Amino acid sequence: EDWDLTLDGTTQDGKDLQLAASNLKHSDIPVAFPTETVYGLGADATRSAAVKGIYKAKQRPSDNPLIVHIASLKQLRRLISVPNSSADIDPIPQIYHPLIRRFWPGPITIILPVPEDSKLAPEVTAGLRTFGARMPRDLLALALIKTADVPVAAPSANASTKPSPTAAEHVRYDLDGRIEWIVDGGPCDVGVESTVVDGLNSPPAVLRPGGIGIDLIRTVPGWEDTVVGYHDVSMKGDAAPRAPGMKYRHYSPKAPVMLVEATGGKQPSSSDLARRLGSSGSVGLVRTKRWKRMGDGAAKGEVAGEVASLESTPKGAGTSASPLEAMLQETSRHKKQLHAEEVIIGHGGKPFTVWDMCIGPDTASVARGLFSALRELDRKDVDAIIVEGIDDEEGDIAAAVMNRLRKAAEVKLEQL
Ligand code: TXA
Ligand code: MG
């Protein structure tokens with residue numbers, strides 16, 4: 001029924017995890033850890049000083065509430081149960097039961113009422129009377145939370161406004177010198193944040209699209225009429241958007257992002273790009289379909305966006321791996337990293353560089369590769385990043401991807 005995990009703390013890796021967990025439990029400097037969506041920056045959700053450490057490290061406005069991560073339903077019930085209430089009343093509202101059974105552990109966050117005399121530090125909820133709870137499915141995340149044995153408040157582990165981190169090196173790049181621990185689980189599987197849902201109001205609402213698509217949510221009993229709450233509210237400029245984090249500048253690399261909406265349907269050509277951006281400089285191009293390379297025959301290599309595999313080294317072959325070793329191997333398997341390919345285009349006598357990346361062709365790959373691609377192109381110091389959008393209607397997490405891209409984009413190109 002309930003998710004549980006047994007750990008063998010005798011391996012070297014296990015010791016490291018225990019040290020990280022001990023920091024999480026006792027220190028006021030947050031610990032970064034992998035989840036299946038993005039890396040989180042975690043602190044003990046019951047200690048104000050620890051939670052303040054998150055806002056400090058991220059330089060994040062403190063009116064933006066944090067998600068509380070738990071490793072078991074027992075842990076969640078312990079957190080929200082009201083003293084002296086009847087033992088047979090489940091503190092988790094009924095509406096969430098089928099959703100939890102279906103998607104936890106996994107990329108969905110549920111909004112719960114903050115109980116009276118809550119153990120949660122007030123900094124977690126930023127003054128709201130509700131809070132978000134999530135049970136991640138990444139085994140290292142679960143192991144860390146379980147070992148620390150505290151509910152873990154964690155936003156994404158990027159510097160505020162930057163694209164969310166989907167690999168440990170992204171966290172290091174943003175927060176080096178500000179934190180002491182990063183638990184490295186390799187690149188994240190999903191690549192966009194969890195879906196935030198509110199079942200406390202009727203009809204239930206998706207406040208932030210994410211790793212679990214609305215179509216899938218609507219197949220759950222009691223969730224058939226789920227609406228996209230965030231769009232309704234914030235599009236009208238409501239002063240109190242229901243997912244407060246959505247009002248901030250987000251997911252922005254250094255270079256301006258130009259988004260080509262999928263309906264544009266046309267591949268940017270080199271002369272289109274040059275016309276838009278001036279005749280010199282460099283541009284990053286993030287493609288999401290199997291388009292042919294865009295160069296004028298000056299391309300190196302055959303296929304753009306080469307995919308290199310980061311193979312994990314099997315540990316202790318022949319010997320029986322401890323549960324922890326087994327999970328470490330599991331989390332680093334089948335992980336892929338994307339690379340940009342340089343294409344030089346002659347334009348009006350001046351060379352024009354395009355860093356060409358393909359993160360497609362399917363929605364899951366686009367979601368997994370998007371933030372990483374934006375960061376990779378930032379490191380190339382491009383003057384602009386052009387991203388080919390995908391069709392929202394593709395369902396699943398396409399809506400989540402386009403939500404992030406529209407926030408990151410300063411310029412929207414319907415047609416080039
Ligand atoms: O996948 C994820 O959710 C990642 C990983 C680390 O778990 N976390 C994450 O946290 O994305 P953060 O802080 O970057 O985003 C939390 C989102 C924000 O949009 C925030 O406004 C919303 O959840 N949120 C948190 N508490 C809320 C509440 N009580 N009511 C409405 N929205 C809430
Ligand atoms: Mg975030």
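Colleague: Why is T161 called partly exposed?

Modeller: A residue counts as buried if 20 or more other C-beta atoms, placed from the backbone, lie within 10 Å of its own, as exposed if 12 or fewer do, and as partly exposed in between. T161 has 15 other C-beta atoms within 10 Å, and it is therefore partly exposed. This is a predicted model, in which local features need pLDDT of at least 70 and side-chain atom pairs count only at pLDDT 80 or more, while totals for chains, interfaces and linings use all residues. Residues are numbered from 1 along each chain as its sequence is written, and chains are lettered from A and ligands numbered from 1 in the order in which they are written.

Colleague: What makes D117 exposed?

Modeller: D117 has 7 other C-beta atoms within 10 Å, so by that definition D117 is exposed.

Colleague: What is the phi of each of these two residues, and where do they lie?

Modeller: Phi of T161 is near 80 degrees, and that of D117 is near 50 degrees, each a positive value in a residue other than glycine. T161 is in the loop between β6 (152–154) and α7 (168–175), whereas D117 is in the loop between β4 and α5 (122–125); helices (H or I, at least four residues) and strands (E, at least two) are DSSP runs, numbered from the N terminus.

Colleague: Which residues does the cis peptide bond with omega of about -10 degrees join?

Modeller: That bond joins W104 and P105, and P105 lies in the loop between α4 (97–103) and β4 (108–113).
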